[in-house]
Amino acid sequence: MSAPSFTSFPSFTSFPELDPGPSTRPPPSHSDDREKDKKHRRKEREDEAGSDGERKKRKHKHKHEKHSKREDKVGDRGEHKHRRRSRSRSRHEGYGGSDDERRKADEDRRYGRADESELSMSSFKEGLLYITDRKGDPLNVRYGGLYAGDVPKYRLVDGGRKVLGLSSGLSVVYRGRGGVEVALSGRRRMPELTDPSARRMLAAGPTRRLLASSEDRFKYQEEDGFLRITTHRQRQDDQSYREIELSKQREPETDDSSSSDESASSDDDSDTTPLTSLQATLKALEDRLAAKPDDISAWLSLLSHTLTTVPIGTKNASKARAEITISVLSRALAAHPSNTRSTILRLKYMKAGEELWHESKLNAEWDEAVQVNDVEIWMAWLDWRVRTSKNLLTSVEEDAARIVRALSFHQDEVGQLRVLWRVGVAMRDAGYVERANALFQAQAECLYRMPAAVANKPFEEQLNSLEEFWDSEVPRMGEPGAIGWSAWESSNRPDLPPPSPSKPVDLDARIIDPYTRWAASESLADRTRTLSLRSVDDDESADPYAVVLFSDIRPLLLSVSSDRARDVFRRIWLAFTGLHLPGFLTSLSERPEENTDDRWAYSHLVTPSYLSSVFPNESSTRRITADAQAGVLVGREREFGSGFGPVKYWGYGAVEPFDSVGPAKWTMWTSEDVQGIDVALVREIFKQCRNSTEDHEWDILNLALEAAISLKGALKVSKTLLASRADSLYLWGTHARMEYLRCRPNDARKVYHTILGSTCQHRPGESVLWWDWAQMEWLERNDDAALQVITRSAGASGSGGIAVLRAKREMENLLTTRLLRGHWKERVPWIKLAALLELLTSTPQSALSLSDSYLNALQHGTPAHENLTVASLSLLYNHSIVLKNPTPPALLRERAERAVEEYPTNTAVLGVFLEAEKGQGIWGRVRATLGETAADGTGNEKGVARRVAEVWVAGWEKGRWEAEIERTRSGLSAAAEDERCVVHARYLWCASY
C-alpha cells in the first residue's frame, strides 16, 4: 500500500482571510500590557519615596475601601475567594488590587461597553426591570466553551417561593416535573370530594374484589379439637421419630385437602370477573327481561339503573340521559306488543324525545303515541301542546276539541273535565284570567242550572239558549245575587242589574320602581279581578280582554251531565281558585302512579303566602350555638319547630277535613291555606254548587273553609245548616269537633250526650261520633270516661273487666261479620275504637298488633289502608308525645319510618316522623328520607308536593337552614331537571336565593 501524497492536502494559505464579525475582537497585545505594567510600577516607587504621612494616609484609605467592600459582598462565595486571592497577592505585590480594577475598567471601555450603555439606556426608557445582553463572549469561541469561573452562582428568591411578575400574595407551593403550583398565602390546596379527580375516582368501578372461600374461612384449621399453630423455631425436645407414623397417616388427607383446595381455588378463579354491583344488577335485569320481555317494572328498573351512570349535575346531563332513555325504551317498546300500550313507557319515551328529536319527528311520534287512546297520554300531549304553542288561544281550542272527541267516544266525562281544567290553567297563566273564570262559570250553568225545557235537546241548541242568557249580562254562577240560568228562564228572563265590579286595591306606596310597580299591579289584578266585566262597566284602566263574550268560550264547553261529573267539576273549580284539596288530583286517575298533572295543577305552592311559610324567616336562620358562663362554654339546647308544616298532601280521604293531629290541632285547612284566594268567590261556589239531596261531604268542606277563616263564624254556619238538616249525624259530629277545636270540650260533650244518648245503634255516621267522643275524653286525660264511652258504643253495660271483655267481643263480632263487606269509612272508626280500648287496658304493643291485624287484610295503596296507617300512627303519637306516657322511643320511631317508606308523599306521616326524631340528635335519618337516591341506588322520583315539603324540612331545626341550604339547592336543581317538578322547582330555586 503506497503512502498518500501530501501535496494533495490543502495548505493554510489556501483558506480565505475572513473579516472579524461583530461578535469577535482581536486578542489583546501582551507586549503592550507589559510596558504599561512597568510604567505603573515605576510611578508607584516614585510615590512611595514621598512623605510617610501621605503614604499612611493612602494606606488607611485603601484599608477602609477594602473593609467596606467586604461588608457589601458578604455571602457571595465566589467573590469572597477572589478577595482572598487579591489580599494574598497584595501582600507580595503591594497594592496590586487597585491596578486590577483599573485594568478591568480600561478593558471594558476598550471592548464595547459603550454598546451596553446604549442598551441599558433604551431598556430604562422602555421601563424594563432587566437587561438582555445579546453579544456573545469571544472567549467561548477561542476556548470552545464557558469558563467555570465565569458562570454566575444564584439562589432563588425566598427559597423559590416567589415568581417574577406575580402578586405578593401568590407564592409557589409545589415544584414538579409538570411545572409549579401557585396558591394564595403559601398553602397548597389539598384535593376535596368536589374536585373532578375525586369524582372520577369515586365514580370508577372496582378493579379487584376479594372472594371469600367456602373452605378456608379461618386462618388456622382445627385438628382433633385443637388449633395447630406452625412455628419456624426448632424445639429442643423434638422427637421426630414419633411423628413418622402420624405423618404417613396424614399424607393422604393432606393430598385430598390440597386437591380440594386447588379445585376450590380454580372454581373461585373462574368466577373472579370483576363485576360491580351495578353491572351485576344490570346483568340480572337483562336475564329477567330475556325470560319475560313484557315485564314493565323490569324495564323501568333497567332504565333507572342505567341512568345512574350519568348524574343529573354533570355537564350535558339532560342530553346524555335522554339518549340513554330512548335507547332503553325503544328496546322495551319493540320487545313485546303489549309494551306499546304501556302508558308510563310511552310518556318517558316521549319526554326524552323532546330533548333530541326534530319538530317533525316529534309530531310523528306523538301522533303514534295518542293512538293508544289513553287519557294520561292525551293529557301529556295537551300539556306539550300548551308549552310549545305559539298562538295559545287558537291552538288550545283545536287541541281540546280533538281530545274531547276521543274521550267522549268512551264516555269518559272525568277525563273531559281534566281537559277543561288544563285549558283553564293555561289561559290563566297566559294572562287571560277573566276568560278562564268565565269558562268555569258557563260550565257550571250547564251542569247545575240547565232549564228543563232544553235538557233533552242537542248540545248545540243548549249552547244557543245559554248564549242568550250570557248576553243578558245578569249575574252568573260564582257572582253574588246569581239566580241561575233555569230560574232566569222560568221568570220570563227578567232584567237584573249586573254585579258591580270589584274595587281596585291600592298598591304598596313603598314600591317606587316603575317596572316593579307594574308587575305588582298585574299580580294583584290577577288575584282580585278574576271575574268577567260587563260591557256597561266604565273602567278606563281595565284590560280589553276583561269583557268575555260567549263566542270566546263556546268551543271549550263540555256536554257532561252525570252525578260523578257534577261532584268532580265543583272540586276542580275549588282547586282552580287556589283552595287545595289534598289527594283529589290523583283520585281522578284509574292509575294514580301515572298521573303527572301535579306539574301544572299545584300553582298554589308558589303563591307568596306559601313561599313565606315554606322558607324560614331571617331571625330563625342563625342562632348562637354556645354561651360562656364563668369562662366555660355551655351548649344551647336544640330548638325545633312543629313537625307538621304548611305542605299538606295525602291520598284522597286518608285524612278527613277536621282530623286534628298534635297539640296545635293541625288540620287540612288553616289560616295560611286560605290566604291569597278570593274568599267571596269560593263561598258562592259552595253555596250555588250544592246538590239538593244529602250532600254532607260538600257541607263539611264548606265548614272547613269557614273554620280556617274563623271558628266562631264556622259555628254560626254550622247552626244554619243543622236548622234545615237536623237528622244528619255527620253535621252533628262536625259541629262537636269544631267546639273541641275551639277549646270548649264541655259544649262538645253536650252534643255527644244529646245525639248518642237516645239513638238506636249502628246508624250510618254513628261510628264517627263514638270515636270522636272517646278520642276527646282520652286526649283530655279522662281515661275512665273514654273507657266508658267505648263500652257504651259496643252495647256493653256496666264497668270493670267484664264490661271490657264484652266490648272487645262485640267489636270483634261487628268487624268480622256485620261490617265485613261494609264501606271502609264505616269500619275504620270501629277499628280505632278497638285499638284505643286495647291501649287503655293493655300495652301500646298489643294495640298496634290489633290494628296491624286489620291493616294486613287491606290492599296496600288504597285509601282505606292509608287512612288506617295514619290512624294507628296518630294513636301512638298521641299516647307517647302528646300525653307523654312512658313509651319506648324506638317504638314510635320505627313505626314512623316504616310508614314513611310506604307513603313517602303523605305529609301527615312525615310530620309524625319528624316529631319522633326530635331530641334524638340523629339528623342522618331525616336526611336519608330527603335524599335523591333510593335504597337500590336508583334515582328517587318525587312529586311536586314532596319537593316543596323537603324545602320546608330543611329549616325545621332552628338555626340549621344555613347548613342545609346548599343541599336544598342541589335538590331543587335535580327537581328542575325533572319534567314533573320543573316549573315549581324553578320558583323555589330562585326564592332560595
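This report walks through a predicted model of a protein, from its overall make-up to a few spots worth a look.

## The big picture

Let's start with the whole chain. The protein is built with 43 helices and six strands. It has 993 residues, and 38% of them count as buried.

How much of the contact list comes from residues 24 or more positions apart? Take the contacts with a separation of 6 or more: 61% of them are between residues 24 or more positions apart.

## Rings that pair up

Now for the aromatic side chains. The structure has 21 aromatic pairs. One of them joins W421 and W600, whose ring centres are 5.6 Å apart. Their planes meet at 85°, and angles over 60 count as edge-to-face, so that is what this pair is called. W421 belongs to helix α16 (residues 413-429), while W600 belongs to helix α24 (residues 598-601). With 179 residues separating them, the pair links distant parts of the chain. Are these two tryptophans buried or exposed? Both W421 and W600 are buried.

Rings can also join up in a group. Ring pairs tie F440, Y448, F569, W573 and F576 together into a cluster.

## Charges over rings

Some rings have a charged residue over the face. K361 does this with W357, lying 5.1 Å from the ring centre. R435 lies over the face of Y432, and here the distance to the ring centre is 5.6 Å.

## A serine in a loop

Next, have a look at S472. You'll find S472 in the loop between α18 (459-471) and α19 (485-490). Its relative accessibility is 30%, so S472 counts as partly exposed.

Which distance separates the C-alpha atoms of S472 and D495? These two residues are 23 residues apart along the chain, and their C-alpha atoms are separated by 7.6 Å.

## Two helices side by side

When two helices pack, we describe them by the angle between their axes and the distance between the axes.

Which residues make the contact? On the α33 side they are D783, A786, L787, I790 and S793. On the α35 side they are W830, L833, L836, L837, L840 and T841. As for handedness, α33 passes α35 in a left-handed crossing.

Conventions
Residues are numbered from 1 along each chain as its sequence is written. This is a predicted model: local features need pLDDT of at least 70, side-chain atom pairs count only at pLDDT 80 or more; totals for chains, interfaces and linings use all residues. Side-chain values use heavy atoms; hydrogens and water are left out. Rings of Phe, Tyr and Trp (its six-membered ring) pair if their centres lie within 6.5 Å; planes under 30 degrees apart count as stacked, over 60 as edge-to-face and the rest as tilted. Helices (H or I, at least four residues) and strands (E, at least two) are DSSP runs, numbered from the N terminus. Buried means under 20% relative accessible area, exposed over 50%, partly exposed in between (1.4 Å probe, protein chains only). A charge sits over a ring if NZ of Lys or CZ of Arg is within 6 Å of the ring centre and within 35 degrees of the ring normal. A crossing is left-handed if the near helix is turned anticlockwise from the far one by less than a right angle, and right-handed if clockwise. Contact means heavy atoms within 4.5 Å.
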